[in-house]
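Me: Could you walk me through how some of the labels for this structure are decided?

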Amino acid sequence: MRRDSAPRLAVTGSASTGKTALARALSGALSLPLVPEEMRAYLSSTGVRLEQRSPQEAARALEGMWRERLVSEDAHPGGFVADNCALDFAAYALHHGCAPEAPELLAAATTCGGAYDAVFLLPHGVLPYEQDGVRSTSPGQELRYQLVLEALLRRHVSPSRLIEVPSRLRTVEERLASCLDALARLSRRRGPLVSLVGAGPGDPGLLTLRAREVLASADVIAYDALVAPAVLASLPPGAERVSVGHRNQGAKQAGYRIHPAVLEHARAGRHVARLKQGDPFIFGRGGEEAEELLDAGIPFEVVPGVSAALGAAAYAGIPLTHREYASDVTFVTGHDIEGPSSHTDWARLGAAAGTLVLYMATRKLEANLARLVACGRAADTPAAYVAAATTPEQTVVVGTLASLAAEVEARGLIGPPALVVVGEVVRLRERLRWFEARARGLAAEVAA
């Protein structure tokens with residue numbers, strides 16, 4: 001809940017879920033005004049159900065009820081408990097087949113659905129279905145409505161604010177106690193927080209359990225341009241999404257260390273998951289963003305991710321260390337190959353014999369490989385270029401320090417996201433390329 005004002009709460013569910021009783025109980029327990037449900041009043045006064053009207057008439061009726069709802073909620077700036085929620089109006093329109101006649105209502109209701117501090121969803125079919133002359137005579141129709149409503153809630157309400165009341169709780173007293181406990185937990189964890197979350201290299205299956213937990217509870221997910229589309233598609237739908245990444249553009253060029261939108265949302269008391277490709281603290285500028293958050297007085301946490309180097313090497317079948325080939329591995333950026341800003345000791349890298357992983361080296365690939373040779377690495381040292389690592393589009397090109405750049409350019413692959421692995425361990429690629437072998441096996445099964 002927000003700390004600067006009383007909460008905006010809603011209780012929802014299909015008919016005979018007990019939402020009116022729970023809404024009244026919450027209103028009394030929290031000393032908040034009750035916003036009544038418009039649909040029951042409409043049905044009681046007209047005696048005509050929406051499915052009995054034409055789509056145009058049903059849409060006009062819903063638009064009228066929606067205007068009433070906006071007035072009712074705006075009349076209580078100090079907080080309220082609503083008997084149903086804004087998304088019920090979108091569910092009504094979809095359920096009764098008049099959504100095409102009320103597009104503005106649908107858009108407004110789905111937008112307003114995310115503005116509650118908490119929405120309590122009651123389960124269908126737990127309490128006996130009462131035929132009271134107002135409700136539908138078909139429990140099956142109410143189940144259909146419940147399913148539509150649940151889909152909308154899970155899409156448009158942050159998972160941290162959508163509280164599903166357990167089906168084992170049947171009395172008003174049990175449900176009230178559960179809701180008050182949930183509000184207390186929500187209040188304790190509310191307030192500004194930025195989670196610097198590693199998205200991994202591309203395969204959504206490589207997101208850690210902690211990352212998924214944080215992403216499910218966040219109000220806002222601010223993601224990099226390099227985060228894989230499959231990872232974005234796997235995210236919980238309730239949180240607001242903001243694109244804040246700058247492909248091929250550093251913090252200095254952008255003019256800030258952390259995107260202003262992240263600070264804006266955090267200062268508004270929201271939990272922001274700053275989703276970063278790979279691991280935040282390995283060439284992800286997570287340290288710079290953490291410093292700025294610290295300077296701004298905004299609490300933060302770091303959720304490690306599978307780094308691009310680990311993911312690319314594993315899916316390419318290249319062990320970064322191996323008792324017969326390499327006992328050490330070095331991660332280095334090839335972006336600042338030379339100049340006063342470079343912190344890279346190229347002479348040491350050229351003299352070393354272990355595995356070397358070059359991040360951000362692709363646009364200066366030829367220069368990076370030539371620099372290693374000039375600093376002492378043998379020109380015939382094996383090297384691999386791994387693009388779109390861990391995704392179905394993964395491409396691996398194997399060569400040497402002398403040949404790799406030309407081979408990659410010949411295949412038209414120059415450009416991110418990609419990294420380079422250098423060292424004797426690359427020789428194991430042909431034997432250990434499990435990812436491509438599995439893909440070929442699946443393709444053969446499909447063809448058969």
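Reply: Happy to! Let's start with burial: buried means under 20% relative accessible area, exposed over 50%, and partly exposed in between (1.4 Å probe, protein chains only). This is a predicted model, in which local features need pLDDT of at least 70, side-chain atom pairs count only at pLDDT 80 or more, and totals for chains, interfaces and linings use all residues. Residues are numbered from 1 along each chain as its sequence is written, and side-chain values use heavy atoms, with hydrogens and water left out.

Me: Why does tyrosine 359 count as buried?

Reply: Its relative accessibility is 8%, and the limit for buried is under 20%, so tyrosine 359 counts as buried.

Me: What makes phenylalanine 331 partly exposed?

Reply: Phenylalanine 331 has a relative accessible area of 29%, which falls between the 20% and 50% limits.

Me: Why is the pair of phenylalanine 331 and tyrosine 359 called edge-to-face?

Reply: Rings of Phe, Tyr and Trp (its six-membered ring) pair if their centres lie within 6.5 Å; planes under 30 degrees apart count as stacked, over 60 as edge-to-face and the rest as tilted. Here the centres are 5.9 Å apart and the planes stand at 65°, so the pair is edge-to-face.

Me: What makes tyrosine 92 and tyrosine 145 a stacked pair?

Reply: Their ring centres are 5.4 Å apart and their planes lie at 20°, so this pair is stacked. Both tyrosine 92 and tyrosine 145 are buried. Together with Trp66 and Phe89, these two tyrosines form one aromatic cluster.
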